[in-house]
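Have a look at the picture first, then work through the notes.

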Amino acid sequence: ETDQNPLKVPLIRKLKGTEPLPGNFNWRGFDRQFFEFFGGEFYWHQKFDIEYLYLPLTMNNEYFGYTLCSTESDTDKGKKYLTFADTQKVLFFYDYIPCNKPLALVEGHSDTWRLTSLGINACGIFGTENWSSTKKGYLAAKNPSKIVICMDGDEPGYKAAQSLFLDLRGGFDVDIMYLPKQAKKLDPDNMPLEYVDKLNDKLNT
């Protein structure tokens, strides 16, 4: 039988009321098995009347909290993603990236799992305002062979990338991949495969 959790990350559930994802669950092109690998479950928020994907957040196998991702397309922006953890101390998918390998540093949830699904080691920083020395220390513990910063293709993303580069360049082999600014914002979640190839090239050179 195939081990569905080979990295042995504890899939701890601290939120009452979660349920297994439906067998036919498919969201943003990812099926139930993909999200279950990362501890994904279903949660209905009674107060908001919104269906969420629940994901636990762990760092070095320690439970730090959880995040909720609305699966409904018309959800208000402020309720789309709800994170119940100290986002100054948590990197999204940190426990699923190997040591001594190149990794991409991105902004958000969907950026992280999209690149992960394409075989790229990725960590999300939970938004451009959530970088910290604590996170830098966690990255150092992974000893990545290279870091490529790939923020969203907008002004906040550009500023965050520059700030991250200045902070990381003293201790890491670090580079930036700027996504072009355009009317429909590009980010790692929706960028065409040609940009994925460019990111892979940067990570492996």
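Predicted model: local features only at pLDDT ≥ 70, side-chain atom pairs only at ≥ 80, totals over all residues.

- To count as a disulfide, the two sulfur atoms would have to be within 2.5 Å.
- Seen from the other end, Cys 123 is in no disulfide either, and its nearest cysteine sulfur is the one in Cys 99.
- Are these residues buried or exposed? Cys 99 is partly exposed, with a relative accessible area of 40%, whereas Cys 123 is buried, at 0%.

**Aromatic rings**

- A pair of aromatic rings is described by the distance of the centres and the angle of the planes.
- How many aromatic pairs does the structure hold? There are 20 of them.
- Take Phe 34 and Phe 38 as an example: their ring centres are 5.3 Å apart and their planes sit at 70°, so this pair is edge-to-face. The cut-off that matters here is that planes over 60 degrees apart count as edge-to-face.
- Both partners, Phe 34 and Phe 38, are buried.
- Ring pairs also link up into a cluster, whose members include Phe 34, Phe 38, Trp 27, Phe 93, Tyr 96, Trp 113 and Phe 126.

**Lysines over ring faces**

- Which residue lies over the face of Tyr 94? That's Lys 142, at 4.7 Å from the ring centre.
- Tyr 158 has a lysine over its face as well: Lys 181, at 4.5 Å from the ring centre.

**The largest pocket**

- The largest pocket has a volume of about 570 Å³.
- It's lined by 18 residues, and those closest to its centre are Lys 77, Lys 80, Tyr 81, Gly 108 and His 109.
- Three elements, α2 (77-80), β6 (81-84) and α3 (109-117), each give two or more residues to the lining of this pocket. Of these, α3 gives the most, with 3 residues.
- What is the lining made of? Sorted by class, the pocket's residues are 9 charged, 7 polar and 2 nonpolar.

**The cavity**

- Searching the whole structure turns up 1 cavity of 30 Å³ or more.
- The largest cavity has a volume of about 90 Å³.
- How many residues line the largest cavity? There are 11, and the ones nearest its centre are Pro 56, Leu 57, Thr 58, Phe 93 and Tyr 96. Phe 93 and Tyr 96 are also in the ring cluster.
- By class, the lining of the largest cavity has 9 nonpolar residues, 1 polar and 1 charged.

**Helix α3**

- Of the 9 residues of α3, 7 are buried, so the helix is largely enclosed by the rest of the structure.
- The buried ones are His 109, Ser 110, Asp 111, Thr 112, Trp 113, Arg 114 and Leu 115.
- After α3 comes Gly 119, which has a positive phi near 85°.

**Loop residues to look up**

- Most residues other than glycine have a negative phi, and most peptide bonds are trans.
- Arg 28 has a positive phi, near 55°. You'll find Arg 28 in the loop between β1 (26-27) and β2 (30-31), where it counts as partly exposed at 36% relative accessibility.
- Phe 126 isn't a glycine, yet its phi is positive too, at about 65°. Phe 126 lies in the loop between β8 (122-124) and α4 (133-142), and at 11% relative accessibility it counts as buried.
- Where is Pro 192? Look in the loop between β10 (174-176) and α6 (193-203). Pro 192 is partly exposed, with a relative accessible area of 36%.
- Pro 192 and Met 151 are 41 residues apart in sequence, and their C-alpha atoms are 15 Å apart in space.

Definitions and conventions: Residues numbered from 1 in each chain as written. Heavy atoms only, no water. Phe/Tyr/Trp six-rings, centres within 6.5 Å; stacked < 30°, edge-to-face > 60°. Buried < 20%, exposed > 50% of the residue type's maximum accessible area, 1.4 Å probe, protein only. Lys NZ or Arg CZ within 6 Å of the ring centre and 35° of its normal. 1 Å grid on protein atoms, 1.4 Å probe; cavity = no way out; pocket = protein on both sides within 12 Å on 5 of 7 lines; lining within 4 Å. Points joined across faces, edges and corners; volume = space filled by probe spheres on them. Helix = DSSP H or I, 4+ residues; strand = E, 2+ residues; numbered from the N terminus. Nonpolar A, V, L, I, M, F, W, Y, C, P; charged D, E, K, R; others polar.
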